Amino acid sequence: MPLAGNPYPITRSELIPAQRYYDETFYRAEVEHLWPHVWQMACRLETIPNVGDWVEYTNVGKSVLVVRTKDGVKAYQNHCRHRGVPIAGGSGNAHGNCAKSGFICPFHGWRWNMDGESTFVYGKQLFSDDLLDQGELALKPVRCETWGGCAFINHDMNAPSLKDSMGPVLDRLDAHGMSNVRSEWWFATELPANWKIAMEAFMEGYHVMMTHPQLQRSVPGLYNARYGNETGGIGLPIDPDQTVEDNIRAQIDNLKLLGSGMAGMVHAKEIEIAEQLGPDNPDLQLPPTVAEAVPVWFGLVQDAIARKLKERGENVPDLNAVCVSDPVNAVEYLFPHYFLLPFFTSYASYRIRPLGPEKCLFEIWSLTHFPEGQEPEPPMEPTVLPYDSQDFPMIPRQDYSNIPIQQKGLHSEGFEFMRLAKDVEGLISNYQRLIDAYIAGEPGAKLAAANRKLGGNFDGPILDLEI
């Protein structure tokens with residue numbers, strides 16, 4: 001039976017109704033009951049380095065201005081208190097600096113400073129005094145918190161904090177240097193697919209064997225140990241006779257594939273260091289079996305990367321130490337729409353925003369460390385490409401080849417549900433059921449407690465969210 005306001009609730013955790021990905025009524029339920037109450041990644045902080053710098057963030061019809069003020073980063077609803085015209089931007093992805101001029105409405109010239117205070121009303125004698133009360137004229141604030149080099153906004157002034165909502169995964173990522181990385185590049189594309197379809201492609205590694213065959217074939221032991229050695233003749237089996245030297249070559253080849261295929265996830269500077277510890281290095285001493293040698297080799301590589309990048313002036317963590325104290329997954333998901341893909345010291349990151357029931361905006365950043373004073377100018381706007389552009393790195397290009405056709409397949413008359421593997425596709429079920437809890441109006445504390453369980457859930461099981 002449909003729950004109040006939810007035409008297609010999840011009634012069994014392993015089955016996700018197909019209509020949730022295209023039904024207009026369900027989409028409206030998300031717009032009205034989910035997005036106004038969640039923490040959304042609004043911008044990278046390096047795009048607003050100076051006092052007065054601002055960027056416009058838009059999602060599901062709401063425009064927000066994120067501003068660096070003398071007192072920190074603040075956010076405001078982007079509308080003139082006179083007749084509703086956006087006071088800055090309006091394109092959805094604008095940026096500028098308001099330190100000298102303030103925000104000036106392009107319609108009648110009303111003005112505000114960076115703290116949201118009204119500083120000028122043209123022809124104020126024309127208005128009733130009570131309509132010009134300073135408190136009423138002030139820009140409407142939006143909650144804004146910073147973490148991990150980003151500003152996050154929430155339209156719900158009573159929602160639990162960002163830290164309370166996301167939980168310990170933020171601390172683990174911080175230990176890996178998340179707050180110190182900066183963006184190298186920023187791509188975006190419009191996908192003809194529901195925003196959730198686009199996200200779910202990155203919630204499990206089960207698809208790698210077929211979608212990214214180059215990765216499975218380079219290190220079949222990694223994927224077959226997780227998903228099974230029987231690949232239907234598509235992937236490679238584990239070679240029980242592989243030598244340590246050949247396995248290390250394969251590990252390096254896999255790093256190169258991840259670097260060329262995803263850029264930020266494994267950076268070229270890290271691959272260069274790893275290659276110096278290849279099997280041809282006469283000083284490399286490894287145990288005699290693959291099972292013993294691979295973790296030892298990765299420990300040597302992580303030590304070398306951390307040490308050499310620190311020598312260059314980069315503020316990177318001790319990788320071997322944080323992998324023990326604060327382990328992170330290959331993909332970490334911050335509900336509802338932000339992903340981080342750490343490997344060594346660099347990251348890829350994704351942000352997905354709905355543009356309607358069957359269209360979304362998908363953005364990718366490459367994030368890495370730089371020596372202090374040598375940081376490049378950040379990209380202020382994404383390079384927008386068609387989703388089938390060959391200019392995308394290989395890995396997202398491969399994923400993008402599936403997403404649009406999957407959206408079409410959902411409309412097939414006989415397709416009722418997503419059927420999920422309970423042990424490795426659990427994150428899909430878990431975040432979808434959290435959406436249901438938002439639509440149902442569950443208390444903020446319960447929503448935050450369920451949200452915290454999503455940290456570290458990539459490739460993980462279906463959980464009892466207690467909602």
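Which residue forms a salt bridge with D303, and how far apart are the closest N and O atoms? The partner of D303 is R307, with the closest N and O atoms 3.7 Å apart; a salt bridge here is a side-chain nitrogen of Lys or Arg within 4 Å of a carboxyl oxygen of Asp or Glu.

## Basis of the report

This is a predicted model, in which local features need pLDDT of at least 70 and side-chain atom pairs count only at pLDDT 80 or more, while totals for chains, interfaces and linings use all residues. Residues are numbered from 1 along each chain as its sequence is written, and side-chain values use heavy atoms, with hydrogens and water left out.

## Salt bridges

A search of the whole structure finds 20 salt bridges. Side chains of opposite charge can pair when their charged atoms come close. D303 and R307 lie 4 residues apart in helix α11, and are therefore separated by about one helical turn; helices are DSSP runs of H or I with at least four residues, strands are runs of E with at least two, and both are numbered from the N terminus. D303 is partly exposed, with a relative accessible area of 40%, and R307 is partly exposed at 40% relative accessibility. Under the cut-offs used, buried means under 20% relative accessible area, exposed over 50%, and partly exposed in between (1.4 Å probe, protein chains only).

A salt bridge also joins D280 to R249, whose closest N and O atoms are 3.3 Å apart. Because D280 lies in the loop between α10 (268-275) and α11 (290-311) and R249 in helix α9 (residues 244-262), the pair ties together parts that are 31 residues apart in sequence. D280 is exposed, with a relative accessible area of 65%, whereas R249 is partly exposed at 35% relative accessibility. D246 is linked with R249 and D280 in a network of salt bridges. In a further pair, the side chains of E416 and R419 meet at 3.7 Å, N to O, in a salt bridge. E416 is partly exposed, with a relative accessible area of 40%, and R419 counts as exposed at 55%.

## Strand pairing

Strands of a sheet pair through backbone hydrogen bonds, either parallel or antiparallel. Strand β2 (residues 40-44) is mostly covered, with 5 of its 5 residues buried. Strand β2 runs antiparallel to strand β11 (residues 150-154), and 4 bridges join them; two strands count as paired if DSSP finds at least two bridges between them. Within this pairing, Q40 stands opposite I153 in β11.

An open sheet of 3 strands has the order β7-β8-β9, with antiparallel pairing. Its edges are formed by β7 (103-104) and β9 (118-120), each of which has a single partner strand, so one side of each is left without a neighbour in the sheet. Strand β8 (residues 111-112) pairs with β9 over 2 bridges in the antiparallel sense, and R111 stands opposite F120 in β9.

## Cysteines

The structure holds 0 disulfides, a disulfide being a pair of cysteine sulfur atoms within 2.5 Å. C43 is in no disulfide, and the nearest cysteine sulfur, that of C144, is 7.2 Å away. C144 is likewise in no disulfide, and the cysteine sulfur nearest to it is that of C43. C43 counts as buried, at 6% relative accessibility.

D156 is found in the loop between β11 and α3 (162-166). D156 is buried yet has no salt bridge, and the nearest side chain of opposite charge, R143, is 5.8 Å away. For this assignment Lys and Arg count as positive and Asp and Glu as negative, while His and the chain ends are not counted.

The side chain of D156 makes a polar contact with the side chain of H37 at 2.9 Å. A polar contact is a pair of N or O atoms within 3.5 Å; within protein, one must be able to donate a hydrogen and the other to accept it, and residues adjacent in sequence count only if both atoms are side-chain atoms. Leaving aside neighbours within four places in sequence, D156 is in contact (heavy atoms within 4.5 Å) with P36, H37 and R143.

## Surroundings of H207

H207 lies in the loop between α5 (195-200) and α6 (208-211) and is buried, with a relative accessible area of 18%. The side chain of H207 reaches the backbone oxygen of E204 at 2.9 Å and that of A201 at 3.5 Å. Apart from neighbours within four places in sequence, H207 is in contact with A201, H212 and D399. H207 and Y227 are 20 residues apart in sequence and 9.8 Å apart in space, C-alpha to C-alpha.
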